[in-house]
Amino acid sequence: MTSQTTIDTTGSGDKAPAPPSDGSPATGLRGHPWFTLITVAVGVMMVALDGTIVAIANPAIQKDLGATFAQVQWITNGYFLALAVSLITAGKLGDRFGHRQTFLIGVVGFAVASGAIGLSSSIGLVVAFRVLQGLFGALLMPAALGLLRATFPADKLNMAIGIWGMVIGASTAGGPILGGVLVEHVNWQSVFFINVPVGILAVVLGVMILLDHRAENAPRSFDILGIALLSAAMFCLVWALIKAPEWGWGDGKTWTFIAVSVAGFALFSFWETKVKEPLIPLALFRSVPLSAGVVLMVLMAIAFMGGLFFVTFYLQNVHGMSPIDAGLHLLPLTGMMIVGSPLAGAMISKVGPRIPLAGGMACTALAMYGMSTLETDTGSGIMSVWFALLGLGLAPVMVGATEVIVGNAPMELSGVAGGLQQAAMQIGGSLGTAVLGAVMASKVDSDLAGNWKDAGLPPLTAAQEHQASEAVQVGVAPIAPGTPEAVVTKITDVAHETFISGMSLASLVAAGVAVVAVLVAMLTKRGANAEAGAGVGHI
């Protein structure tokens, strides 16, 4: 078993480790590292699955509850907003009260909120309980990483994080497939009800297996003002990113929220230097590898989530696939993440994170460049090559960047580090969708009128052109009822050609982001504090 050390917040010295808070040694199932991994994976699976499975249910929810399109958008936005704003604070709660308790509360709350959504009879209740889902999911995710960090010795931590990343990747990519099956053959409520038995299983396993760990230097107080400032800054940033497509990037409201966010982050940073027990000790960011890991996670999420956002529209609206078929076409991506994540964990344990991370982002850049070459008639074989390469590239980044962030943080801040990792991924995903969406919109706006005219179609009024552009941005042909078949064909060709040009440019921008991430990856190194969590359980 690897020896333990708990390192202080500034990394200035070593201290003897504190025993588990309940004072009992790990015997049998309780505290066993691999069973701990299985337990947290079951809980994390719920949160990751909900990030994509609900999108398939949205049309059925809209029809059944008579909701507007804007209301349905908040089923996703409310969940994401609550999750992103709360992650770092939730990680601090785990550091303060113990990750076992925080994890179990998060699982119970998430499962109960899921069941309540399934029983809801109005769109307002659905959105409200989705916000609760996000809050409880924020408790659960950093606690899971904190438990892994405290349980596994350093030489096994990368493998554990690899399997953890595999579960997240598989759940995220598998959400549309499972959601399509449930909505088509059961009802939209089943998409939420499925979390109840999964949550019960996670709670039963958690009570039996999870062992509480408290670092000797665990925080004893709360930075209330810091929590308020960070939450407000995160809210304004995420709100601006969510509303930018509706308001426009040149709108004063968008930049007002961004400016308030920047001011909030500045005030938060100043306050953190004054308070005795800060929410995020800024000394954390003196670690170049940790800071690089956070930036790398943001860049990876921009390229991956932003690029993948358009691929789903490409498969369904350009190729005319059903949601289930579209999900099946993404299986090469899912499969390579499932296979690649544990292999990446083993490789990182042997050679360190720098080479696998740089190589992973290089593969991601190449995959995004490949996606920029997709056409309206590209076959499944070619698509599968690029999707598989993307999964192969993402696997080491998901694993390695997580280990770099969590492993370079002191043990007593493992929850905050886990929250940073998840918040970086959420912010990156939102930035990717917003920025690449703006690239797509700009390209479609600039090309649509010319393509429309070149096809010999009747000219559009300004209002009609705006409506057509919005439809084309998601790959939909703007066809009015009663349009002759010959004209329908021309409009469809123009819409798909214009969409492809926008997706191609967005994919090239994503590839450029991935190239920058290759350079950032060269600043990473193995977690300096990983030994602090060398587990008390049996390996």
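Helix α3 (residues 99–119) and helix α7 pack at an angle of about 160°, with their axes 8 Å apart. Axes here are lines fitted to C-alpha atoms, for helices over the stretch in contact, and angles run from 0 to 180 degrees between N-to-C directions. Helices (H or I, at least four residues) and strands (E, at least two) are DSSP runs, numbered from the N terminus. The structure is a predicted model, in which local features need pLDDT of at least 70 and side-chain atom pairs count only at pLDDT 80 or more, while totals for chains, interfaces and linings use all residues. Residues are numbered from 1 along each chain as its sequence is written, and side-chain values use heavy atoms, with hydrogens and water left out.

The angle puts α3 and α7 in the class of roughly antiparallel helices (angles under 35 degrees count as roughly parallel, over 145 as roughly antiparallel, 65 to 115 as roughly perpendicular and the rest as oblique). The crossing of α3 past α7 is left-handed; a crossing has this name if the near helix is turned anticlockwise from the far one by less than a right angle, and is right-handed if clockwise. On the α3 side, the residues that meet α7 are R100, L104, V107, V108, F110, A111, S114 and G115. Their partners in α7 are N195, V196, G199, A202, V203, G206 and V207, where contact means heavy atoms within 4.5 Å. By class, the residues of this contact are nine nonpolar, five polar and one charged. In this scheme Ala, Val, Leu, Ile, Met, Phe, Trp, Tyr, Cys and Pro count as nonpolar, Asp, Glu, Lys and Arg as charged, and the others, Gly among them, as polar.

Helix α7 (residues 195–209) also packs with helix α1 (residues 33–65), at an angle of about 155° and with the axes 9 Å apart. That angle makes α1 roughly antiparallel to α7, and α1 passes α7 in a left-handed crossing. From α1, the contact draws on F35, T36, T39, V42, G43, M45, M46 and D50. From α7, the contact draws on N195, V198, G199, L201, A202, L205, G206 and I209. Nine nonpolar residues, six polar ones and one charged residue make up the contact of α1 with α7.

What angle do the axes of α14 and α15 make where they cross? The axes of helix α14 (residues 380–407) and helix α15 (residues 414–454) cross at roughly 140° and come within 8 Å. That makes α14 oblique to α15, and their crossing is right-handed. The residues in contact are M398, T402, I405 and V406 of α14 together with A417, G418, Q421 and M425 of α15. Five of the residues in the contact of α14 with α15 are nonpolar, three are polar and none is charged.

Several residues of α15 can be followed one by one. G418 lies in α15 and counts as buried, at 0% relative accessibility (buried means under 20% relative accessible area, exposed over 50%, partly exposed in between, with a 1.4 Å probe and protein chains only). Residues up to four places away in sequence aside, G418 touches P142, L145 and V406. G418 and I88 are 330 residues apart in sequence, yet their C-alpha atoms are 7.7 Å apart in space.

L420 is also in helix α15, and its relative accessibility of 8% counts as buried. Beyond residues up to four places away in sequence, L420 touches I88, L284 and F285. Q422, another residue of α15, is buried at 3% relative accessibility. The residues touched by Q422, not counting those up to four places away in sequence, are L87, M141, W164 and I168.

Is S469 buried or exposed? S469, located in helix α16 (residues 462–472), is buried, with a relative accessible area of 4%. Its side chain makes a polar contact with the side chain of D445, at 2.4 Å. A polar contact is a pair of N or O atoms within 3.5 Å; within protein, one must be able to donate a hydrogen and the other to accept it, and residues adjacent in sequence count only if both atoms are side-chain atoms. Leaving aside neighbours within four places in sequence, S469 is in contact with V444, D445 and L448.

Across the whole protein there are 17 helices and two strands. Of its 539 residues, 57% count as buried. Among contacts between residues at least 6 apart in sequence, 85% join residues at least 24 apart.
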